[in-house]
Amino acid sequence: MGDISCSNGISNGNGVNGKSHSSLNGYRKSCWYEEEIEENLRWCFALNSILHTGASRYQDIALLDTKPFGKALVIDGKLQSAEVDEFIYHESLVHPAFLHHSSPKTVFIMGGGEGSTAREILRHKTVEKVVMCDIDEEVVNFCKAYLVVNREAFCDPRLEVIINDARAELEIGKECYDVIIGDLADPIEGGPCYKLYTKSFYEHTVKPRLNQGGIFITQAGPAGIFSHTEVFSCIYNTLRQVFKYVVPYSAHIPSYADTWGWVMASDSPFMLSADELDTRIKQRIKGENRYLDGKTFSSASTLSKAVRKSLDNETHVYTEGAARFIYGHGSVHKQNQAKLIRNGLMEEAPTKSTK
């Protein structure tokens with residue numbers, strides 16, 4: 001659950017609030033973003049300002065200027081990415097699958113409306129066509145306008161943006177792809193995306209749209225020592241029921257306050273060594289990765305003993321009738337926006353209606 005509160009630096013146990021005490025050094029008026037990660041555990045950080053807020057028929061959108069993580073994109077009260085460390089998430093999501101594929105040319109992105117996944121894909125010299133299918137046009141337009149780092153990707157002629165449900169688009173289409181990427185919102189109870197983590201979807205919709213030797217990769221939620229049993233382990237086990245070769249891996253994302261997981265799957269084996277991955281990085285990718293290289297992927301795919309044991313013993317298969325969800329769901333409350341306006345942290349704007 002995401003929340004924004006104004007404070008003078010004294011906690012009262014419900015966000016961060018309190019009265020001003022000018023005689024106390026270090027106490028000053030500030031504004032905080034807070035997200036409930038799990039019951040009895042919240043993660044919060046200070047804001048410089050709220051740069052923009054909006055809403056669509058599907059979700060609330062906010063772009064925050066945070067003190068520790070720079071600009072941060074928040075959708076429905078859940079942090080999606082932050083300026084200072086989004087490269088960890090997006091390099092980890094994209095490059096392992098593309099490097100293991102012999103020559104990836106055609107790509108389908110499920111979700112990915114902010115454009116960062118497309119940006120990383122388009123760095124690959126072999127790529128000829130990228131289809132990015134996101135259900136929410138407001139999010140896509142919002143990110144085009146406000147995420148400067150991805151503007152070049154949105155202008156790349158190889159990128160085709162389709163506004164539609166990714167499941168419907170794959171089911172009605174006839175084209176097959178070398179790589180399909182699931183850059184979807186987390187499976188949250190009541191949310192629209194959990195059906196795109198099911199065995200039936202992987203088996204009957206995703207796999208038939210992969211070319212021979214094709215690779216599917218999806219973000220798979222929190223993968224920490226305590227959080228990996230929420231959805232990471234069952235997404236891994238579900239993909240094992242559909243594909244011959246399945247590789248789970250993870251990386252720490254500071255702005256998420258947790259380790260994050262991805263799962264890569266194919267009917268062709270993943271055989272490359274760290275040195276071979278490095279060779280392909282030099283040959284195929286424009287520019288230099290900030291996070292991922294061969295050794296980094298080898299480390300990321302070597303999970304801890306506890307997580308390996310959980311994954312080995314996982315029996316749950318993700319279905320619509322037996323879904324698992326990550327904790328929480330939230331939004332930025334309008335009363336807190338009013339506080340921010342009064343405190344000069346955001347400008348008042350006319351209400352925008354959406355269909």
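**View 1. Strand S4 and its antiparallel partners S3 and S5 in the predicted model**. Strands are DSSP runs (E, at least two residues), as helices are (H or I, at least four), numbered from the N terminus. S4 is joined to S3 by 7 bridges and to S5 by 6; pairing requires at least two DSSP bridges. Ala 62 stands opposite Thr 53 and opposite Val 74 in S5.

**View 2. The buried side of helix H3 (residues 137–146)**. Val 139, Val 140, Phe 142 and Cys 143 are the buried residues of H3. They cover an arc (directions from the helix axis to the C-beta atoms) of only 165°, which puts them on the same side of H3. At the start of H3, a side-chain oxygen of Asp 136 lies within 3.1 Å of the backbone nitrogen of Glu 138.

**View 3. Surroundings of Met 264**. Beyond its neighbours within four places in sequence, Met 264 is in contact (heavy atoms within 4.5 Å) with residues including Pro 96, Ile 217, Tyr 245 and Phe 297.

Residues are numbered from 1 along each chain as its sequence is written. Local features need pLDDT of at least 70, side-chain atom pairs count only at pLDDT 80 or more, and totals for chains, interfaces and linings use all residues, while side-chain values use heavy atoms, without hydrogens and water.

Note on methods
Buried < 20%, exposed > 50% of the residue type's maximum accessible area, 1.4 Å probe, protein only. Polar contact = N/O pair within 3.5 Å; in protein donor to acceptor, adjacent residues only side chain to side chain.
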